[in-house]
Amino acid sequence: MTLGSLENKSSISSTFLLSGIPGLEHMHMWISIPLCFMYLVSILGNCTILFVIKTEPSLHEPMYLFLSMLALTDLGLSLCTFPTVLGIFWMGARDIGHDACFAQLFFIHCLSFLESSVLLSMAFDRFMAICRPLHYSSILTNTVISRIGLASLGRSVALIFPLPFMLKRFPYCGSPVLSHSYCLHQEVMKLACADIKANSIYGMFVIVSTVGVDSLLILFSYALILRTVLSIASRAERLKALNTCVSHICAVLLFYTPMIGLSIIHRFGKQAPHLVQVIMGFVYLLFPPLMNPIVYSVKTKQIRDSVTHAFCH
């Protein structure tokens, strides 16, 4: 065995190093306070949404059943990033084993693409409620909603399942430092000492076939909704119809904007400051689970009334 091969073997890493906020390591303990608060609000908010939908019979309707799927997905996203993020900021625990990292990125990506599917399902729900109101209850039955949920979950799992195995076959050498406080496929594959073309192509295929297709279908559904709303004679009725979509539009923007931004930065923004990547990463995974319960509680009267009733009694 040559000296070069010995050096290469010794440089192969068995763990990855997660990162906090570069340049602000001395303030990590203070930064952990708002981060912990955001996680707490996110977890409690989504649990509250799930609780009121389950316990309030008047909310057992398609719109709120889809909302419960969204809350469950957001809760999962918060829980699968919570240990590593706060581990870094509380205790400086940056090391993560390969298998643990692959498992985390599987759940992060799977839940992210599941959320995309749920948002598309919610757009279909709004389309049926506004454009086909007479067929709404007969088409969106509990059985159909369950099948939509299972199909969305199945698509996400099927597309993301190969990723950990594709990453596991690579050796990782050199500096094993990741840019974020959690594992992402596009970050981990860049550390491999091998040809990652197949991973890159498959990763792009997954994004286009999920986020790309879902976002286009959501835009199409809202074009049809807008056409139907503009044909309504009464201005009050037009505003009432559009008002039922405001919460969903906010959820769509909260989810797709940081996700697309982060993907663009990882793939094409190599000159972007590292701090921008880190901040976009936190926005991508923290803001949708944090803001969705707040948006729906504020903008949806039935949810707001049910939450108030639950806490007052």
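1. Cysteine 245 is buried because its relative accessibility is 1%, where buried stands for under 20% relative accessible area, exposed for over 50% and partly exposed for what lies in between (1.4 Å probe, protein chains only). Its sulfur lies 8.7 Å from the closest cysteine sulfur, that of cysteine 131, which is too far for a bond.

2. Please bear in mind that this is a predicted model, in which local features need pLDDT of at least 70 and side-chain atom pairs count only at pLDDT 80 or more, while totals for chains, interfaces and linings use all residues. Residues are numbered from 1 along each chain as its sequence is written, and side-chain values use heavy atoms, with hydrogens and water left out.

3. Taking a disulfide as a pair of cysteine sulfur atoms within 2.5 Å, the count is 2. With the bonded cysteines numbered in sequence order, the pairing reads 1-3, 2-4.

4. Cysteine 101 and cysteine 183 are joined with an S to S distance of 2.0 Å, and the torsion about this S-S bond is about -125°, so the disulfide is left-handed. Cysteine 101 is buried at 0% relative accessibility, and cysteine 183 is likewise buried at 0%.

5. The sulfur atoms of cysteine 173 and cysteine 193 are 1.6 Å apart in the disulfide that they form, and this link, with -135° about the S-S bond, is left-handed. Cysteine 193 counts as partly exposed, at 33% relative accessibility.

6. Cysteine 80 is buried, with a relative accessible area of 16%, and its sulfur is 9.9 Å from the closest cysteine sulfur, in cysteine 110, too far for a bond.
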